[in-house]
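Here are some notes to read alongside the model, for someone opening it for the first time.

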Amino acid sequence: INAEYMGKEGDPSSDPYISPAFISDADLAKFPPVRMILCGRDPLRDEGYRFLYRLVKMGKDALVKEYRNFPHGVWSLDMAFGLDECKFIVADSADMMNDLVAKYKKEKQDGFLLS
């Protein structure tokens, strides 16, 4: 799987495209605002919180919402014949993005952002 995902030259133990743990501080400083959904039964949850911690420590605009009883890949469970309980997670994700877009538009109107 690694060769198919990363190519023959990729190294899963240090590639920032595989894990945000490997993103340099210089690249992290260039990140736009970040919104994350984490799931409590996701084996990558702790890595997500470590990533959030790095963003917040650098003063980045970052928010997280955790759904304690859901697994990794929860969005794929909101399909036809999927789990009705997952619909609110998809809706919350959309709300987070809409709030971020509205914030960006307001800051642009107020002159805080350059076009």
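1. First, a reminder: what you are looking at is a predicted model. Every value below was computed from it, so to speak, on the page as it stands.

2. Start with the layout. The protein chain has four helices and two strands. Walk along from the N terminus and the elements come in the order α-α-β-α-β-α.

3. Next, how the chain meets itself and its surroundings. Of the contacts with a separation of 6 or more, 57% are between residues 24 or more positions apart. The protein chain has 115 residues, and 23% of them are buried. Its accessible surface is about 8,500 Å², with carbon and sulfur atoms accounting for 58% of that.

4. Now the largest pocket, which holds about 480 Å³ of space. Which residues lie nearest its centre? They are Pro20, Leu38, Asp42, Leu44 and His72, out of a lining of 22 residues.

5. Which element gives the most to that lining? Strand E1 does, with six residues. E1 covers 34-41, and helix H3, at 45-57, also supplies at least two lining residues. If you colour the lining by class, expect 15 nonpolar residues, four polar and three charged.

6. On to the rings. The model has three aromatic pairs. One of them joins Phe31 and Phe51: their ring centres are 5.9 Å apart and the planes meet at 70°, which is over the 60 degrees needed, so this pair counts as edge-to-face. The two partners sit 20 residues apart, and the pair links distant parts of the chain. Phe31 belongs to the loop between helix H2 (25-28) and E1, while Phe51 is in helix H3.

7. Phe31 comes out at 26%, which falls between the 20% and 50% limits, so Phe31 is partly exposed.

8. Last, have a look at Tyr67, Phe70 and Phe88. These three residues form one aromatic cluster.

Definitions and conventions. Residues are numbered from 1 along each chain as its sequence is written. This is a predicted model: local features need pLDDT of at least 70, side-chain atom pairs count only at pLDDT 80 or more; totals for chains, interfaces and linings use all residues. Side-chain values use heavy atoms; hydrogens and water are left out. On a 1 Å grid over the protein atoms alone, a cavity is a set of points where a 1.4 Å probe fits but cannot get out, and a pocket is an open set with protein on both sides within 12 Å along at least five of seven lines; lining residues have an atom within 4 Å of a point. Grid points are joined across faces, edges and corners, and a volume is the space filled by probe spheres set on the points. Ala, Val, Leu, Ile, Met, Phe, Trp, Tyr, Cys and Pro count as nonpolar, Asp, Glu, Lys and Arg as charged, and the others, Gly among them, as polar. Rings of Phe, Tyr and Trp (its six-membered ring) pair if their centres lie within 6.5 Å; planes under 30 degrees apart count as stacked, over 60 as edge-to-face and the rest as tilted. Buried means under 20% relative accessible area, exposed over 50%, partly exposed in between (1.4 Å probe, protein chains only). Contact means heavy atoms within 4.5 Å. Accessible areas come from the Shrake-Rupley method with a 1.4 Å probe; for residues, only the protein chains shown count as cover.
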